[in-house]
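This report takes up the nonpolar cores of a protein model and then one of its sheets. Please look at the sequence and structure below before reading on.

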Amino acid sequence: MSAIFRTTDVVLIAAMVAAAAFTYKTKYEAENQLAELNRIERQIRLEHDSIDVLKADWSLLTQPARIQRLVENYKEQLALQPVESTQVGSISELPQRQLSIEDLLGRDGGMRSAAAATDGTTTGGIGR
Amino acid sequence: MRMWPLPFRRVRSAAAPADPAIVVEGARKSTGGRARTRMLMTMAVFFGMYGLIAVRLVYFGLLDPAADGGPAIHIQASRPDIVDRNGEVLATDIKTASLFAEPRRIVDVDEALEKLSSVLPDLDYEQTYHKLKSEAGFVWLRRQLTPRQEADIMALGIPGIGFRTEKRRFYPSGETASHIVGLVNIDNQGIAGMEKYIDSQGLADLQQTGLAVARDLRPVRLSIDLRVQHIVHDEIAAGMERYRAIATGAVVLNVKTGEVLAMASVPDFDPNNPYNAHEKDRLNRMSAGLYEMGSTFKSFTTAMALDSGKVTLGSRFDASVPIRIGNQTIHDFHGKGRVLTVPEVFIYSSNIGSAREAETVGVEAHREFLHRMGLLDRMKTELPEVARPTEPKVWKQVHSITIAFGHGVSTTPLQTAVGSAALMNGGYLIEPTFLPRTQEEAMQTATRVVKEKTGLDMRYLYALNAEKGSGRGARVPGYRVGGKTGTAEKVVNGRYSKTLNFNAFVAAFPMDDPQYIVLTIADEPKPEKPGMGATAASNAGVMAANIIRRSAALLGVQPEFGHENAALLVSTH
């Protein structure tokens with residue numbers, strides 16, 4: 001009687017306890033995952049809302065009316081003037097650039113002038 | 001059920017009060033079967049109650065934790081963003097947070113108030129104190145906070161206060177494009193402008209079925225260019241002040257696609273605070289205002305005469321004597337007192353010459369032509385605010401004569417611009433649109449209204465008028481502007497006023513292949529300085545020139561300086 005109790009029952013009890021522990025662990029992990037998911041979803045919503053507000057902010061800051069006001073305020077300091085129609089042209093209208101002696105002599109001079117031509121600053125509107 | 005043993009027991013005990021044990025014994029014996037059922041019943045009741053509690057517990061366990069207190073507020077329907085042709089935002093939904101408190105949950109009112117004032121310094125201390133001291137379950141403290149204020153208050157960690165998010169329509173460009181973009185009401189439904197148009201295109205149905213989810217709504221792109229729109233708004237606002245006009249307005253129209261690039265009318269309103277949007281003075285005069293357009297109508301009279309085939313650029317009309325019809329006399333404003341050719345009638349803006357042109361064509365043909373140009377029918381476009389033009393019920397000779405120089409019929413400035421576009425683009429009438437459209441799409445719905453030759457002749461006349469006639473003031477170096485002025489006397493108490501004018505200027509550029517029409521109006525302008533004129537050339541023309549000077553490069557028109565004598569070149573065909 002007791003021998004049977006010790007073998008099969010112990011095994012069964014152990015299996016039961018293990019199953020219970022496993023179920024508990026799985027459930028606990030699932031709850032954790034769910035909480036994490038909720039947290040991330042909340043975060044995404046918050047980020048979306050922030051993006052909307054920042055976009056509205058950006059378009060407010062880049063309003064032509066605001067920029068015009070700034071230009072009028074700072075035109076003396078920055079020596080700004082409206083573009084005249086005589087200053088607008090296309091590349092094809094430019095005369096051929098005259099080669100200078102540095103261009104013919106070596107790459108060094110040409111490299112330096114190319115580097116000076118672009119200052120690496122990028123400008124642009126909202127990326128969508 | 002439980003009441004019945006009591007009277008029974010009382011009867012028993014009254015019979016044998018001396019020995020309660022025997023009584024009990026006897027009672028048990030006599031009610032042995034009943035006690036058993038009573039026991040079972042009690043057990044059943046208790047099991048039932050515990051069962052109910054267990055079921056309720058499971059039910060509550062499955063239920064999501066309920067949200068915090070406060071009334072459920074009406075969730076506003078989402079709307080798509082409205083953007084200009086380059087993707088710049090014109091209208092968007094933003095979420096704002098509103099602060100509420102649950103006074104019963106607040107531990108220390110003074111501390112809470114002190115902390116709140118550190119973020120909201122303008123909070124009314126006394127009023128808020130009374131609100132927080134009250135026994136109410138829920139009070140609003142401040143509506144529509146910025147996200148930063150929300151985060152700061154959240155960081156204070158005050159118990160008993162919380163936030164509700166609300167949607168609000170926001171227009172970053174303010175009044176700049178207010179008449180085109182329109183307005184929404186408190187329920188986020190479009191009530192004016194393109195907002196109303198979007199609702200009529202199925203958004204209202206989507207919102208009702210709850211399918212309008214913010215993330216799924218694609219932005220609505222308009223044909224408007226915000227930069228050009230700003231220039232137009234800036235110039236007409238400055239013009240209204242400079243000429244002390246009661247109203248000014250302008251439209252920039254793509255001749256080949258019918259797209260409206262910019263349209264504005266002042267006085268206007270701020271869509272973010274539209275308290276005065278419904279005042280009659282602030283309507284969109286470009287599409288909802290009716291005016292006698294004056295001499296700009298001579299473009300159509302001349303085009304009609306040329307298109308009829310009875311008149312060529314070489315034809316001559318006698319403008320030496322005023323026309324008398326009934327008790328009216330028609331004079332010329334810049335009278336030359338001689339026989340004029342068709343181009344001279346146009347550049348000297350001769351009323352007599354125009355009347356003679358209309359006479360040649362005939363009354364019925366004149367009426368038919370203006371209808372064909374879409375000037376006398378209600379315009380079809382996306383914008384809901386469109387007025388229906390007025391014309392005489394029965395056209396007589398006198399009507400035809402006055403309408404020849406733009407008096408006697410009222411139409412909207414936008415329609416006049418669309419009609420002029422048809423004269424400039426080779427003779428196709430294209431319905432104006434506020435949505436992007438390609439030239440191919442435009443040509444599918446376009447109708448030919450005048451012959452190609454008439455279109456070329458009209459280009460020549462516009463260019464010539466800017467070269468030698470009343471449009472000289474609107475010339476912009478490099479952009480080959482052509483145009484026609486119109487100074488119309490306003491009707492005051494049923495009579496034409498000698499002092500109050502309605503001025504308009506139609507400009508097209510570049511004249512060698514017109515791309516854009518700019519039409520400006522000024523209602524009751526005064527001379528800029530004493531001694532200066534108040535005719536269309538000195539106000540509407542100047543505004544048109546400024547708009548073209550500032551916006552031509554943005555509209556993609558290349559300046560050229562070899563074509564200043566284009567009018568003479570075109571005249572050879």
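The largest nonpolar core of this predicted model has 76 residues. A nonpolar core is a set of buried Ala, Val, Leu, Ile, Met, Phe, Trp, Tyr and Cys residues joined through side-chain atoms within 4.5 Å, where buried means under 20% relative accessible area with a 1.4 Å probe, protein chains only. B:Met263, B:Leu370 and B:Phe434 are among the residues with the most contacts inside this core. Helix H16(B) gives the most to the core, with seven residues. Domain 1 (82–221) and domain 2 (228–551) of chain B both contribute, so the core lies between them; the domain bounds come from an automatic or database assignment. Apart from this core lies another, of 29 residues, including B:Val476 and B:Phe505.

Chain B also has an open sheet of five strands in the order S9-S8-S18-S17-S16, with antiparallel pairing. Strands pair if DSSP finds at least two bridges between them; helices (H or I, at least four residues) and strands (E, at least two) are DSSP runs, numbered from the N terminus. Strands S9 and S16 of chain B stand at the edges with a single partner strand each, so one side of each has no neighbour in the sheet.

Angles run from 0 to 180 degrees between N-to-C directions of axes fitted to C-alpha atoms, for helices over the stretch in contact.

| Helix (chain B) | Residues | Strands touched (chain B) | Angle with S18(B) |
|---|---|---|---|
| H16 | 413–424 | S8, S9, S17, S18 | about 150 degrees |
| H19 | 540–551 | S8, S17, S18 | about 140 degrees |

Residues are numbered from 1 along each chain as its sequence is written, chains are lettered from A and ligands numbered from 1 in the order in which they are written. In this predicted model local features need pLDDT of at least 70, side-chain atom pairs count only at pLDDT 80 or more, and totals for chains, interfaces and linings use all residues, while side-chain values use heavy atoms, with hydrogens and water left out.

Conventions. Contact means heavy atoms within 4.5 Å. Buried means under 20% relative accessible area, exposed over 50%, partly exposed in between (1.4 Å probe, protein chains only).
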